[in-house]
Each structure stands twice: as structure tokens, then as C-alpha cells.
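Dear colleague,

I am passing on a structure that you have not worked with before, and below it you will find some notes on what turned up. Please read them with the structure open beside you.

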Amino acid sequence: MLDAIQIFVGGCTMMLISGIISRARGDREHLPAPAPASIADVPAPFLQGLRKANEILRELRDLTRCQTEDTGRIAECVRIIREETVKHTSQLSCRQEREVCR
């Protein structure tokens, strides 16, 4: 009796699993293609041809040049802020010394 129940439950389980699998296959056909999941899925620039690689390198060089110019501007602004801070600090210290002396 127990063997018959085990066979029946096993058969039902296999039918249920096969139904789930066939439904999943049918649903998969209606879904859009998945997006690339990792860097390995995206073709490397050197595989797209020498011209494309040169264009990418040129673009990187331009971006680096712009970044260098921006960094120089930021450094100039920081220098000016530092000078202004020192100037204002010295003015405040002179003002405080005058008030203390009175």
C-alpha cells in the first residue's frame, strides 16, 4: 500500500514539475531579451576594429585634456581662496588685537 502511495505522489510530482517547466519555456519566448549582465557580454573596443579603437583613444585623450584644464582651474580657485582666507584672518587678528588693547 505504501509503495502505491509513493508511486502516485512521485508521478504527480513529476507531472507538476514538467508542467511548470513547459510553462516557463513558453513564458520565456514572450519576454524581451535580457540586458548585458557583465563586462564580458559587451564587446571590447579592439574587437570592433582599429578605426573604432582609434576613435575611442582620441575621445579619451580629449577627455583627459579637459580634465587637466578643469583641474588647473580648480587649483587656481583653491589658491585664491587660500590667499583670501589668510588675508581675512590677518585682518581679523589685527582687529582683535586693537580691541584687546583698548
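The side chains of Asp-70 and Arg-73 come together in a salt bridge, with 2.9 Å from N to O, in what is, please keep in mind, a predicted model. Both residues belong to helix H2, where three residues, or about one turn of the helix, lie between their positions. Asp-70 is partly exposed, its relative accessible area being 38%.

Because Arg-65 and Asp-62 are three residues apart in helix H2 (residues 50–101), about one helical turn separates them. Arg-65 is partly exposed at a relative accessible area of 45%, and Asp-62, with 34% relative accessibility, is also counted as partly exposed.

Further along the numbering, Glu-83 and Arg-79 meet through their side chains in a salt bridge of 2.5 Å, N to O, and these two residues of helix H2 are four residues apart, which is again about one turn of the helix. Glu-83 has a relative accessibility of 44% and is partly exposed, as is Arg-79 at 36%.

How many salt bridges does the count come to? With a side-chain nitrogen of Lys or Arg required to be within 4 Å of a carboxyl oxygen of Asp or Glu, the count comes to five salt bridges.

Definitions and conventions: Residues are numbered from 1 along each chain as its sequence is written. This is a predicted model: local features need pLDDT of at least 70, side-chain atom pairs count only at pLDDT 80 or more; totals for chains, interfaces and linings use all residues. Side-chain values use heavy atoms; hydrogens and water are left out. Buried means under 20% relative accessible area, exposed over 50%, partly exposed in between (1.4 Å probe, protein chains only).
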